[in-house]
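Q: I have a structure open and want to talk it through. Can we start with what is packed inside and then move on to charged pairs?

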Amino acid sequence: MISPLVAVTGASGAVGGRVAERLARTGVPVRLLGRDPSRLPRLPGTDIAPPAPYGDGEAMRRALDGAHTLFLVSAHESPGRVLEHTTAVDAALAAGVERIVYVSFLGAAPDATFTFARDHWHTEAHIRMTGVRHTFLRDSWYLAAFPAMTGADGILRGPGGEGRVSAVSHEDIADSASAVLLDEGTAHDGRTYDLTGPEAITLAEAADELSRRTGRVIRYVPETREEAYASRAHYGAEDWEVAGWVTSYEAIAAGELERVSDAVPTLTGRPAQSLSAYLRENPVSWRHLLAGSDS
């Protein structure tokens, strides 16, 4: 019996790409979708759909024709992201998709401190309203964010206070998502899984771990909201984007990202990855923090 076709969005990215690789290794029929098909990976047993931007309902409908399950990775942040998501969802239903697995965010709520988490809540609400079979994967902060957000000066700065965050690895997200997608039963229908690391740590503790790994002093410097906006002004980003950056730290300070879940070990059958293990296995992530680095 041939397995139903799984459509994977965001396959040129860190989550979608890993999921596509895992599904391809199992022999499950996979179709990769993206705005620019030339950026999508060429994987055995997969086919690549024509250009399918989320906001183009007709293009999405054509790209999803014949698919049974849609793995929907959230679109890049933008003021119109919720509309893009709902357009993609409606197109999926018009194409006959019977199941949607959506990558959301931990603590998604209409009044979440993290502004982008509000987008996820509205997308979840729309998916629920359609009545389609669905599963929500609410990812915490990425473990990769700790070194990425630390400057070459060795400072991790932001208005995170003494709050804790249960950061998770891309690998754990991909393994968990694949487990859900490969289960053709109904056990995951209507479920929301909080995908987190094994512990919730403060930003100061993350800096300490980076110090141990890099051999230099890495410091966390708490900022006020005003200081956070000022220190990010030189990027020249739009106001809504900077607000997303700043409020992601404020959500930590507010305790909205401290939940630790057993979803990763339950779905994957192994422990979730810690920051220490992540840094050990991904030295390229903190290479810019080494003395004399020109990266």
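**Inside the fold**

Q: Which residues does Phe-71 touch, leaving out those up to four places away in sequence?
A: This is a predicted model. In it, Phe-71 touches Ala-7, Val-8, Thr-9, Val-15, Gly-16, Val-19, Val-101, Val-103, Leu-137, Ala-177 and Leu-181.

Q: What about a second, separate core: how many residues does it have?
A: That core has 31 residues. Among them are Leu-106, Phe-116, Ala-251 and Leu-279.

Q: Back to the largest nonpolar core. How many residues are in that one, and which have the most contacts inside it?
A: The largest nonpolar core has 54 residues. Those with the most contacts inside it are Val-8, Leu-64, Phe-71 and Ile-100.

**Charged pairs**

Q: New topic. How many salt bridges are there?
A: The count comes to 20.

Q: Which residue does Arg-18 pair with?
A: Arg-18 forms a salt bridge with Glu-171. Their closest N and O atoms are 2.7 Å apart.

Q: Where do Arg-18 and Glu-171 sit?
A: Arg-18 is in helix H1, residues 14–26, and Glu-171 is in helix H6, residues 170–182. The two parts are 153 residues apart in sequence, so this pair ties them together.

Q: Arg-18 and Glu-171: what are their relative accessible areas?
A: Arg-18 has 24%, so it is partly exposed. Glu-171 has 33%, so it is partly exposed too.

Q: Now Asp-119. Which side chain does it meet in a salt bridge?
A: Asp-119 meets Arg-81, at 3.4 Å from N to O. This pair also links distant parts of the chain, 38 residues apart. Asp-119 lies in helix H4 (residues 115–130) and Arg-81 in helix H3 (residues 81–94).

Q: Are Asp-119 and Arg-81 buried or exposed?
A: Asp-119 is buried, and Arg-81 is buried as well.

Q: And Asp-175, what is its partner?
A: Asp-175 forms a salt bridge with Arg-270. The closest N and O atoms are 2.5 Å apart.

Q: Which residues do salt bridges with shared partners join into one network?
A: Arg-18, Arg-22, Glu-171, Asp-172, Asp-175 and Arg-270.

Q: Last one. How accessible are Asp-175 and Arg-270?
A: Asp-175 is partly exposed, at 24% relative accessibility. Arg-270 is at 28% and also counts as partly exposed.

Methods:
Residues are numbered from 1 along each chain as its sequence is written. This is a predicted model: local features need pLDDT of at least 70, side-chain atom pairs count only at pLDDT 80 or more; totals for chains, interfaces and linings use all residues. Side-chain values use heavy atoms; hydrogens and water are left out. A nonpolar core is a set of buried Ala, Val, Leu, Ile, Met, Phe, Trp, Tyr and Cys residues joined through side-chain atoms within 4.5 Å. Buried means under 20% relative accessible area, exposed over 50%, partly exposed in between (1.4 Å probe, protein chains only). Contact means heavy atoms within 4.5 Å. A salt bridge is a side-chain nitrogen of Lys or Arg within 4 Å of a carboxyl oxygen of Asp or Glu. Helices (H or I, at least four residues) and strands (E, at least two) are DSSP runs, numbered from the N terminus.
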